[in-house]
Amino acid sequence: MTAKEKETKRSKQQNVEISGSEAVIRSLIEEGTEIIFGYPGGQIMPIYDALYDYRNVLRHILTRHEQGAVHAAQGYARATGKTGVCLVTSGPGATNLITGIADAMIDSTPLVCITGQVASPLLGSDAFQESDIIGISMPITKWNYQITSPDEIPSTIAKAFYIAATGRPGPVLIDITKNAQVGKFKYKYAKCHKIRSYIPEFPVNKEKLNQAADLINSAKKPYLLYGQGILLSRAEKELKQFIEKTGIPAAGTLLGLSAIKTNHPLNMGMLGMHGNYGPNIKTNECDVLIAVGMRFDDRVTGNLKTYAKQAKVIHIEIDPAEINKNVKSDIALLGDAKRILKLLHLLAEKKKHLSWVNEFKDAHEIEMKKIISSDLNPETLGIGMAEVVNKVSELTNSSAIIVSDVGQNQMAAARYSKFATSRSHITSGGLGTMGFGLPAAMGAKLGIPDREVVLFVGDGGLQMTIQEFGTIAQEKVPVKIVVLNNRFLGMVRQWQELFFEKRYSFTEIFSPDFVKVAAAYGIPGQLVNKRKDLNKALQTMLESKGSYIVEVMVEKEDNIFPMVPAGASVSDILLCVNDIKSSN
């Protein structure tokens, strides 16, 4: 169909009397929605009935739990850069979205969540499956709105997609009463391009831009920190060009990983509590700190009283609420990272900071000797998490989208995966949601079917959303699942070992045979107990055309180092257990 034919067909569909339910579906199609993740129920049934006639246009994924739907929508959004959509009923259906919505809010993931609601006359009457989802979700959404009349549907959905995707992205929730779904009106759709009083991006302050460039050009030890804002603004190319021109070493936050290739000579690794040694300690040694698209959260800064006090701080950020919230900036550049980096690149002088970069390399050598070498080549009989992650990275030639759950599996995946392509690392950052991994991996694979998607998940996190095996099987989603089973809630156990005298209070966990559980859903897999079987099992998994699970029994008391203890300075990063003993 030609563009003209499509426009003719679209115009014929305008000003036709239809139900509110059909208006919802048509509006989603107008916004380019391809996949909806959801779960039907009483108060959303009219919309599901309308969806039946559009099932060849819109693909609906029936998850096994509403939390699975919202995490899958997050995975889809993070992998594709598009807005994820989920559709659920009222009451418990709506409240089951809350964890995922909160996760999307803090991790800046664009979502449009649509919930059904009881009819308008019943609002506030404690009707069956009524909940005040607008009140509940208000603190954790970028915007929410309750529709009580069908003619509000097109403009509200248009506004929702615009708000979710512009500025700092985030989740939006639309609650639609039953009478608005069944009522009829003359449908007309127009995309939203502007909302009065909503300013998604501020104009760049040229004076501050020049001041920032002067600081950068005169710096002796400049250091750049990049966050997920690079990915969200699609500024990967601009970041690479900027650091290559200026010779500035750079390090990424957990959510910023894959914005620059792992093997880029100026990419020094990962920041944060379990990040790399050099990127952490050099924060308190640089003279100019340039933060791009990151919010200085506590896992990156450690003790704020000692964080980068010697440095002039330049903060490039689209959200004004993040400026001076945690770390005071000397120069704040409000705006889109892509645009600002382009302008800074023009003003920056071509330089090399070889001796400064070599200091990072020296720190890396220390980390290599004390941690990385033994992590990748453990002398223990048991298998280490790091060697599993590293082996997957090697076998996929660093080309897979890596999704992780939360905990030790997450930190091992972040530390030892190598990335050659942008948008290759998906995890729950700010909220740290166990159970995120399995549905998010499914959503990522549905969004980018041509790329391999590998999930690393712990035995604790997997059991929180294990029912999504059913969705993966029914929809034939070829996700590769690696379970790092240490028979513990590993990260909590690590803290109990290091800071609570090995008092393992309720962290040892019994799990089913995950391979057999997956087999019950028709998903093949195998259990690995011995190192000699690991390589072949992972190869079999990656060669499988469908979904596949490898459960690896790893060391029970394997720890993730380096580690910045909570409340400590980034300069006090610990390289091993003995560092803790000596500090005590």
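**Entry 1. Terms and model**

I began with the term cavity: on a 1 Å grid over the protein atoms alone, a cavity is a set of points where a 1.4 Å probe fits but cannot get out. A pocket is an open set with protein on both sides within 12 Å along at least five of seven lines, and lining residues have an atom within 4 Å of a point. Grid points are joined across faces, edges and corners, and a volume is the space filled by probe spheres set on the points.

I noted that this is a predicted model, in which local features need pLDDT of at least 70 and side-chain atom pairs count only at pLDDT 80 or more, while totals for chains, interfaces and linings use all residues. Residues are numbered from 1 along each chain as its sequence is written, and side-chain values use heavy atoms, with hydrogens and water left out.

**Entry 2. Cavities**

I looked up the cavities of 30 Å³ or more and found a count of two. The largest cavity has a volume of about 60 Å³. I recorded its lining as Arg78, Gln228, Leu231, Leu232, Leu255, Arg423, His425 and Ile426. At least two of the lining residues come from helix H11 (229-232), and at least two from strand S16 (425-426). Helices (H or I, at least four residues) and strands (E, at least two) are DSSP runs, numbered from the N terminus.

I then sorted this lining by class: four residues are nonpolar, two polar and two charged. Here Ala, Val, Leu, Ile, Met, Phe, Trp, Tyr, Cys and Pro count as nonpolar, Asp, Glu, Lys and Arg as charged, and the others, Gly among them, as polar. The largest cavity lies between domain 2 (206-359) and domain 3 (381-557), because both give residues to its lining. The domain bounds come from an automatic or database domain assignment.

For the second largest cavity I noted a volume of about 50 Å³. Its lining includes Val389, Val392, Ser393 and Phe419. Helix H17 (residues 385-395) gives the most to this lining, with three residues. Five of the lining residues are nonpolar, four polar and one charged.

I looked next at Asn397, which is in the loop between H17 and strand S15 (401-404). Phi of Asn397 is near 55°, a positive value in a residue other than glycine. Most residues other than glycine have a negative phi.

**Entry 3. The second largest pocket**

I recorded about 640 Å³ of space in the second largest pocket. It is lined by 28 residues, and the closest to its centre are Thr262, Met268, Gly269, Asn276 and His364. Strand S11 (267-270), helix H13 (277-281), helix H16 (354-376) and helix H18 (408-416) are the elements that give two or more residues to the lining. The largest share, seven residues, comes from H16. By class I found 14 nonpolar, 10 polar and four charged residues in this lining. Domain 2 (206-359) and domain 3 (381-557) both contribute to the lining, so this pocket lies between them.

**Entry 4. Helix packing**

I looked up how helix H4 (residues 66-80) packs with helix H19 (residues 437-447): the angle is about 45° and the axes are 6 Å apart. Axes are lines fitted to C-alpha atoms, for helices over the stretch in contact, and angles run from 0 to 180 degrees between N-to-C directions. H4 and H19 are therefore oblique to each other; angles under 35 degrees count as roughly parallel, over 145 as roughly antiparallel, 65 to 115 as roughly perpendicular and the rest as oblique.

Pro562 lies in the loop between strand S20 (548-553) and helix H25 (577-583).
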